Amino acid sequence: MLKAIQIVGSSSGFVSYRYRFRNPQPNSAFSLISRKPIFTTSETLLLPASQLHCHNSCFRDFRMSSTHSSSVEIQSTILQGNIRKINFCQFCGGPNKHEIPDGEEKVRAICTRCGKITYENPKMVVGCLIEHDKKILMCRRKIQPSSGLWTLPAGFMEIGESAAEGAIRETWEEANAEVEVQSLFAQLDIPLIGQTYMIFLAKLKNPHFSPGPESSECQLFELDDIPFDSLAFSSMLVTLNLYIEDIKVGRPKFHYGVINKRPGTSPSEIRAYTLDFHMQS
């Protein structure tokens with residue numbers, strides 16, 4: 001069951017939400033800060049009453065120093081998840097060292113044999129939020145990670161396809177559903193794991209769907225019946241809450257946000273997320 005929770009606005013133009021999961025682990029908070037301009041003294045957000053708790057919190061801006069870093073600072077950066085430690089060169093197979101190259105500001109994996117630098121770029125995850133008869137199509141995952149939990153059909157974008165084409169392909173692979181993309185609904189950046197989610201609003205071309213190889217079940221959910229207590233990914237929790245909020249006020253719109261996950265927790269734990277959202281119409 002969902003209920004509307006009223007959030008009191010502040011004169012600074014920020015609204016802060018903290019989402020708490022059912023049976024949370026220590027420090028497993030889920031926070032949202034909206035930069036959407038506040039024109040009234042309060043805003044309303046639809047949240048799962050069984051899961052979510054809301055209160056004010058502060059926004060902190062963390063900046064990495066661009067000055068010279070010691071080996072201890074570099075190791076700390078790696079351990080905190082800001083970069084992935086790449087031990088061997090992708091060009092010659094030689095051992096890598098992790099340093100800040102001349103003229104750059106970030107720690108890179110540099111081959112001690114050939115001297116080449118291995119650059120890592122974020123991966124794009126694309127998917128569809130499929131509306132049909134005022135219901136949302138979701139898939140129960142059959143594979144890891146998050147096997148047995150529910151998600152929107154989504155996956156990694158392939159070389160040679162557009163974001164929309166990738167979302168359509170992933171929907172076919174996971175739900176055997178043919179869809180027509182309507183518009184981009186949300187872009188969610190997750191810097192810690194180097195992923196950007198692009199979720200499109202889409203419609204079924206026909207009412208036929210069934211589980212693909214990566215899904216054990218596919219189902220259309222009424223908005224009040226969405227399984228918020230068993231969602232696979234934080235990005236899906238955010239996307240679905242934003243959609244429900246939009247429907248409540250009348251129409252979906254585009255949303256952009258950053259999910260800053262706290263490092264150091266195992267994948268099996270309920271993890272903590274801090275979100276800084278900039279809402280766009």
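The legends below walk through several close-up views of this predicted model. Residues are numbered from 1 along each chain as its sequence is written, and side-chain values use heavy atoms, with hydrogens and water left out. Because the model is predicted, local features need pLDDT of at least 70 and side-chain atom pairs count only at pLDDT 80 or more, while totals for chains, interfaces and linings use all residues.

**View 1. The protein chain as a whole has three helices and 16 strands.** Helices (H or I, at least four residues) and strands (E, at least two) are DSSP runs, numbered from the N terminus. Of the 281 residues, 43% are buried, meaning under 20% relative accessible area with a 1.4 Å probe and protein chains only (exposed is over 50%, partly exposed in between). Contacts are heavy atoms within 4.5 Å; among those with a separation of 6 or more, 64% are between residues 24 or more positions apart. The accessible surface comes to about 15400 Å², and 51% of it belongs to carbon and sulfur atoms; this area comes from the Shrake-Rupley method with a 1.4 Å probe, and for residues only the protein chains shown count as cover.

**View 2. Strand E6 pairs with E5 and with E7.** Strands pair if DSSP finds at least two bridges between them. E5 (residues 96-99) and E6 (residues 108-111) run antiparallel and are joined by four bridges; look for Lys97, whose bridge partner in E6 is Ile110. On to E7 (residues 117-118), which pairs with E6 in the antiparallel sense over two bridges. Here Ala109 has Thr118 of E7 as its bridge partner. Five residues lie between the strands of the E6 and E7 hairpin, where Gly115 takes a positive phi near 80°.

**View 3. Lys116 places its charged end over the ring of Phe91.** The distance to the ring centre is 4.9 Å. For a charge to sit over a ring, NZ of Lys or CZ of Arg must be within 6 Å of the ring centre and within 35 degrees of the ring normal.

**View 4. Two aromatic pairs are found in the model.** Rings of Phe, Tyr and Trp (its six-membered ring) pair if their centres lie within 6.5 Å; planes under 30 degrees apart count as stacked, over 60 as edge-to-face and the rest as tilted. Trp150 and Phe221 form an edge-to-face pair, 5.0 Å centre to centre with 85° between the planes. Trp150 lies in strand E10 (residues 150-151) and Phe221 in strand E14 (residues 215-222), so this pair ties together parts that are 71 residues apart in sequence. Both Trp150 and Phe221 are buried. Phe185 and Tyr243 have ring centres 6.1 Å apart and planes at 75°, so this pair is edge-to-face. It links distant parts of the chain, with Phe185 in strand E12 (residues 179-190) and Tyr243 in helix H3 (residues 234-249), 58 residues apart. Phe185 is buried at a relative accessible area of 0%, and Tyr243 is buried at 6%.

**View 5. Cys128 sits in strand E8 (residues 123-132).** Cys128 is buried, with 0% relative accessibility. Leaving out residues up to four places away in sequence, Cys128 touches several residues, including Leu152, Ile168, Val181 and Phe200. The C-alpha atoms of Cys128 and Gly166 are 9.6 Å apart, although 38 residues separate the two in sequence.

**View 6. His132 also belongs to strand E8.** Not counting residues up to four places away in sequence, His132 touches Leu204, Pro207 and Leu220.
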